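Subject: Structure handover

Dear colleague,

Please find the structure below. My notes on what was found in it follow.

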Amino acid sequence: MNQIFPTRRPALSVRSFAASVLLATALPLAAIAAPEGELRIAVGADATTFHPHVNSLPVGNAVDGLVFQQLFRIDGENQVVPSLATDWSWSEDGMTFSVTFETGHKFSNGRPVDAAAVAASFNQLLDPDSGSIYAGLYGSLGEAVAQGEDTVVFNMAEKNGHVLMLLANSAAGIIDTQANAEMGAEYGRKPVGSGPYMVAEFIGGERFSLVPNPDYTGSRPATLEKITFMAVPEDGSRMALLETGDVDIVDRVPAESIPTINALDGATVILPDSMFSISMEMVLRGPLTDKRVREALNISLDRAGMVQGILGGLGTPSQGQVGPGTEDALRVTFDEKPYDPERAKALLAEAGYGPGNKLELRVNCPNGRYIKDAQVCQALTGQWQAIGIDAKANILDLPSWSAAHRVPLDERTYDMSMIGRATAGIDFTLYRLFHTGVSANTSGFSDERVDRLLAEGRASTDIDAQKADYAEIQKIIWDEMPFVFLWYQKQAIGIADNVTGFTIRPDETMLFDDVHVSAGG
């Protein structure tokens, strides 16, 4: 009987993951220099947790990639590559996936990173009762079982040709479940991992810092004595820190600040690729269950005007929920939603809303998470008010905004929330957002066609069949409009000239494998 899935797959771009195979390459270890210098970073979005089973923010992903080791990881070239994994294989029926990995690693508390620890970490990730927000997304992995000291076997709950992408995501970081049980919530602030760094300080809403893990023995040693992140939501304050030399890197540089930073003696703005898709994700209940209302909300917005007038051009109007670079071999695009406020008014009238029965909407937005997010929120509600909707903007700090998404759907006090999505794999993106009942499905969207097609797309390894399945899913989402689709956000990062080796992925995850700060930084 032929194997349903290949035994090994070569290193691959996540943009063509389904069509590629992954090749493990062993790289010789260079002489390891002692960590040197401090890197200071000002970010608009504060981290709320570093626990990989709960974190959903890029700044948390960056820390998790330094604190935790993984079987596989996504590198700076947006490729899935082996990390601890040395060998992997499928059973002939595609229902068992085995990974052999490097031994000899330890958590920062001295406990071994052996097969039992790896299996326990994955089983906690898969357990919804543990608080994991990714349990449903990773459910196809079934159960992880330790085999000897160096092998973990996944007894699959269903066939899934996208397993390597799941294992490469930061949610699959290997945690010390025993330390997690002992520490409780504190584990999210001072986690015990086996990566090259460990969290030395966490002051919520202000800053956190990382220092080298003295017990780390892997191939990605710490290059810096300290990495300090400062939470600075206000754009002007964040830019000022770079201008004065108090930080080395700032994220989300607003368009109007780019010339100023580029004119500095010692800093510049880089504009790396981004796959971030920004939308207003609806809570599908009451009026928002009516497709006419959802369409009215989508076609009453002047996206091009907002991109230019508010974002300063740092965005592109959406042509689908899935952002560019999200496994482009399987991504499809559509005509942009038109700007037609008169048609939007007519749709609202058809749905029974007008001067005598105004549609009321409560809209949540963060402050400092996305480019000009608070200003965008005000503009959105203004355009909806112009077509007769009583829309109210609620601007929240990051912890409050993030916590609101974890409230059960029927208990939420808002109708939609601004959220950006950027994940490398098409299945990872679509399954977590649109499969019925998955915890990351914040809208409550449920469609039997989508659930069926997602199952078919996971089970198949035929690229043409996958293209057909995922294209149909994306078309259903675009037509049903569970989100108000806005734009794909562009990245703008200010960086001091004395910083070298810094990389940021299209999903906004910062990588620090080869970062150095020269004297005076």
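Asparagine 364 has serine 417 in β18 as its bridge partner. The strands involved are β16 (residues 360–366) and β18 (residues 416–421), which pair in the parallel sense over two bridges. Strands here are DSSP runs of E of at least two residues, helices are runs of H or I of at least four, and both are numbered from the N terminus. Two strands count as paired if DSSP finds at least two bridges between them.

Before going further, note that this is a predicted model: local features need pLDDT of at least 70, side-chain atom pairs count only at pLDDT 80 or more, and totals for chains, interfaces and linings use all residues. Residues are numbered from 1 along each chain as its sequence is written, and side-chain values use heavy atoms, with hydrogens and water left out.

The six-stranded sheet

β16 and β18 belong to an open sheet of six strands, in the order β15-β19-β14-β18-β16-β17, with mixed pairing. Its edge strands, β15 (315–317) and β17 (390–396), each pair on one side only. On average, neighbouring strands of this sheet are turned by 30° against each other, direction ignored. Helix α7 (residues 291–299) lies across β14 (277–282), β16, β18 and β19 (483–489), and runs at about 30° to β19. Contact means heavy atoms within 4.5 Å. Axes are lines fitted to C-alpha atoms, for helices over the stretch in contact, and angles run from 0 to 180 degrees between N-to-C directions.

The seven-stranded sheet

Another open sheet has seven strands in the order β9-β10-β11-β2-β12-β20-β13, again with mixed pairing. β9 (197–203) and β13 (267–270) stand at the edges with a single partner strand each, so one side of each has no neighbour in the sheet. Six bridges join β9 to β10, and the two run antiparallel. One of the pairs is methionine 198 with valine 211 in β10. β9 and β10 form a hairpin with three residues between them, and glycine 205 in the turn has a positive phi of about 80°. On to the next pair: β10 (residues 207–212) and β11 (residues 226–231) run antiparallel and are joined by four bridges. Arginine 207 has methionine 230 in β11 as its bridge partner, and leucine 210 has isoleucine 227.

Pocket and cavities

Rolling a probe the size of a water molecule over the atoms shows where empty space is left. The search uses a 1 Å grid over the protein atoms alone: a cavity is a set of points where a 1.4 Å probe fits but cannot get out, a pocket is an open set with protein on both sides within 12 Å along at least five of seven lines, and lining residues have an atom within 4 Å of a point. Grid points are joined across faces, edges and corners, and a volume is the space filled by probe spheres set on the points.

The second largest pocket has a volume of about 760 Å³. Of its 41 lining residues, Ser56, Ile133, Arg421, Arg432 and Ala440 lie nearest its centre. The elements giving two or more residues to this lining are α1 (58–67), α11 (398–404), β18 and α12 (426–434). β18 gives the most, with three residues. The lining divides into 19 nonpolar, 15 polar and seven charged residues. For these classes, Ala, Val, Leu, Ile, Met, Phe, Trp, Tyr, Cys and Pro count as nonpolar, Asp, Glu, Lys and Arg as charged, and the others, Gly among them, as polar.

Five cavities of 30 Å³ or more turn up in the whole structure. The largest cavity has a volume of about 200 Å³. It is lined by 21 residues, with Gly65, Gln70, Arg73, Arg505 and Leu511 closest to its centre. α1 gives the most to this lining, with five residues. By class, there are eight nonpolar, eight polar and five charged residues.

The second largest cavity has a volume of about 170 Å³. Among its 16 lining residues, Pro58, Asp251, Arg252, Glu508 and Met510 lie nearest the centre. Here too α1 gives the most, with three residues. This lining divides into ten nonpolar, one polar and five charged residues.

Regards
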